Amino acid sequence: MIRILWEYFFSWIVYLLGVLSNCFPRAVLHYILQLFPYLILGSICYGLDVIFLSVQGGHLRAVVDNAAHGIIAFISWCIVSEIQTRKNLIDGIMCGFIACAIDVDHFIAAKSFNLQDALHLNKRPFLHATTIVIIVVPILQVWIAQNIYFLRSLPYLFAVAVISHHLRDGNRRGLWFWPLGSTPPLPYWMYITCTVALPVIIKDMKSSIDKFAVIPISRQNSVLMDV
Ligand SMILES: [Zn+2]
């Protein structure tokens, strides 16, 4: 089933590229293709919001909302890594999983597994403070990414997962910079623009830092074994 869907999607992309190549000069087409992943990401953000707003029922809305966080984070990481290896795909799934897992703090703060309790808190739960990115990312970089080669992308994918989640929530409730306070709710255009800009910024930052990364000799074998 997945293979049929993939072949259908792939043939549709080839058809679309054929149409585009007949309509635009090569230089313009190259520019459009570079923007294509970002257009897809923005369209998916909008499409998921349309689905979310059309869904009735608290539990189903919570599931759709949480899945939307995961899908947006996964696609954002696909753009950052360009999915060149199987590990990039695993990282993308991990990024989506982290984005979904952030909402667990609602239940922790409510001290209850009841969805209504989790959704009606007096204050925002701790994992929704955007400040955690500033605190946790350097810790992940120093203690995990530099020591475990397989997890070398963890700080970046954590940042993508958390920031994309907070931006989506920020459209309704603003960004919370503990201990300073919260911004007003982000306008919709700003949420979409920041979400699309996020992988651009992280990709640029990652490639700049990777240029200066020195791989210890003891870990170079694992580079060769990379999947
Ligand atoms: Zn949330």
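Visitor: What share of the 227 residues is buried?
Guide: Buried residues make up 25% of the 227 residues. A residue is buried if 20 or more other C-beta atoms lie within 10 Å of its own, exposed if 12 or fewer, and partly exposed in between, with C-beta atoms placed from the backbone.

Visitor: Anything I should know before we go on?
Guide: This is a predicted model, where local features need pLDDT of at least 70, side-chain atom pairs count only at pLDDT 80 or more, and totals for chains, interfaces and linings use all residues. Residues are numbered from 1 along each chain as its sequence is written.

Visitor: How many helices and strands are there?
Guide: The protein has 10 helices and 2 strands. Both are DSSP runs numbered from the N terminus: helices are H or I with at least four residues, strands are E with at least two. Along the sequence the pattern reads α-α-α-α-α-α-α-α-β-β-α-α.

Visitor: What does UniProt say about it?
Guide: An unreviewed UniProt entry places the feature "transmembrane region" at residues 6-24, 36-56, 62-80, 92-113, 125-144, 149-166 and 186-202. UniProt positions are given in the numbering used here, feature names are shortened, and annotations may be inferred rather than shown by experiment.

Visitor: What does the model show over residues 125-144?
Guide: That span is 70% helix and 0% strand, with its end C-alpha atoms 25 Å apart. For residues 186-202 the figures are 88% helix, 0% strand and 21 Å between the end C-alpha atoms.

Visitor: Tell me about α9. How far apart are its ends?
Guide: Helix α9 covers residues 188-212, and its end C-alpha atoms are 37 Å apart. The expected span is 1.5 Å times one less than the number of residues.

Visitor: Where is the kink in α9?
Guide: At Ala197, shortly before the proline Pro199, and the kink is about 30°. The bend at a residue is the angle between axes fitted to the seven residues ending there and the seven starting there.

Visitor: Which residues of α9 are buried?
Guide: Ile192, Thr195, Val196, Leu198, Pro199, Ile202 and Lys206. They pack against α2 (26-54), α3 (58-81) and α8 (154-173).

Visitor: Is Asp204 buried or exposed?
Guide: Asp204, which lies in α9, is exposed, because it has 11 other C-beta atoms within 10 Å. Asp204 and Val80 are 124 residues apart in sequence, and their C-alpha atoms are 8.5 Å apart in space.

Visitor: Now the core. Which residues touch the most other members of the largest nonpolar core?
Guide: Ala73, Trp77, Cys95, Val160 and Ala161, out of 30 residues in that core. The elements giving two or more residues to this core are α2, α3, α4 (86-101), α8 and α9. A nonpolar core is a set of buried Ala, Val, Leu, Ile, Met, Phe, Trp, Tyr and Cys residues joined through C-beta atoms within 7 Å.

Visitor: Which residues is Val160 in contact with?
Guide: Leaving aside neighbours within four places in sequence, Val160 is in contact with Ala73, Ser76, Trp77, Val80, Cys95, Leu198, Pro199 and Ile202. Two residues are in contact if their C-beta atoms, placed from the backbone, lie within 7 Å.

Visitor: And α4, how far does that reach?
Guide: Its 16 residues reach 23 Å from first C-alpha to last, close to the 22 Å expected. Buried residues in α4 include Asp91, Cys95 and Ile98, and what covers the buried residues of α4 includes α3 and α8.

Visitor: What about Ile83, what's its phi?
Guide: Phi of Ile83 is near 45°, a positive value in a residue other than glycine. Ile83 is in the loop between α3 and α4, and is partly exposed because 14 other C-beta atoms lie within 10 Å.

Visitor: And where is Lys111?
Guide: Lys111 is in the loop between α5 (104-110) and α6 (115-119). Phi of Lys111 is also positive, near 50°, and Lys111 is exposed, with 9 other C-beta atoms within 10 Å.
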